[in-house]
Amino acid sequence: MPGAGAARGLWIRWWRWVRAVQDARAHRSREAIQRVRAAERARTLLLTLLSEEQRGDFQSKGYIHVTGGSSGDRYRIRFDSTVNIDVLGADGNVRYRLCARPVGDIPMYDVMAGQILHLQDGGAELRFLERAKRHDAIPVPVCTDGPP
């Protein structure tokens, strides 16, 4: 019966497709789990770098205040993926914003830790500021609920 062989071939192709979809979903799930675990480790590392006051601000407001190592400028680093560094004036208002982050799929907590370490170190702060992209102080709502 020629129809039976064709039907069997279709069934085999369909079953292979189902298995491929299941494998792809499982692979994406493993990647998602790895990203969550990496973010948890990065958050733990970030919290160990912070003072008690910084930790409290970060957990309640979603940002960290840092003083520049050589300039003495005050920075507010927000939990945001772009343009997340506010350069503050003496009055506490934002003078301008900075965007500087590494390329790649890096947990935001690791990015923030790197930004903190660079800004607090005297020599690294100046190099960081040379490379960072500067943006005007357009009003941006500051997260008050804390990081996700």
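Author: A residue is called buried when its relative accessible area is under 20%, exposed when over 50%, and partly exposed in between (1.4 Å probe, protein chains only). The model is predicted: local features need pLDDT of at least 70, side-chain atom pairs count only at pLDDT 80 or more, and totals for chains, interfaces and linings use all residues. Residues are numbered from 1 along each chain as its sequence is written, and side-chain values use heavy atoms, without hydrogens or water.

Reader: Which residues of helix α2 are buried?

Author: Q54, D57 and F58 are buried in α2, which covers residues 52–61. Helices (H or I, at least four residues) and strands (E, at least two) are DSSP runs, numbered from the N terminus.

Reader: Why are the buried residues of α2 said to line one face of the helix?

Author: Viewed down the axis of α2, they fall within an arc of 95 degrees, so they line one face. The arc is taken over the directions from the helix axis to the C-beta atoms. The face turned away from that buried side carries E52 and E53, which are exposed.

Reader: What joins the side chains of Q115 and N84?

Author: A polar contact of 3.0 Å joins them. The term asks for a pair of N or O atoms within 3.5 Å; within protein, one must be able to donate a hydrogen and the other to accept it, and residues adjacent in sequence count only if both atoms are side-chain atoms. Beyond four places in sequence, Q115 is in contact (heavy atoms within 4.5 Å) with I77, N84, I85, A100 and F128.

Reader: Which residues have the most contacts inside the largest nonpolar core?

Author: L46, F58 and I64 do, in a core of 23 residues. Such a core is a set of buried Ala, Val, Leu, Ile, Met, Phe, Trp, Tyr and Cys residues joined through side-chain atoms within 4.5 Å. Helix α3 gives the most to this core, with seven residues. Leaving out residues up to four places away in sequence, I64 touches several residues, including L46, F58, M112 and I116.

Reader: How do you know that β3 and β4 pair, and how many bridges join them?

Author: Four bridges join β3 to β4, which run antiparallel, and pairing requires that DSSP finds at least two bridges between two strands. V87 stands opposite Y96 of β4, and Y96 has D136 of β5 as a bridge partner. Four bridges also join β4 to β5 (residues 133–136), again antiparallel.
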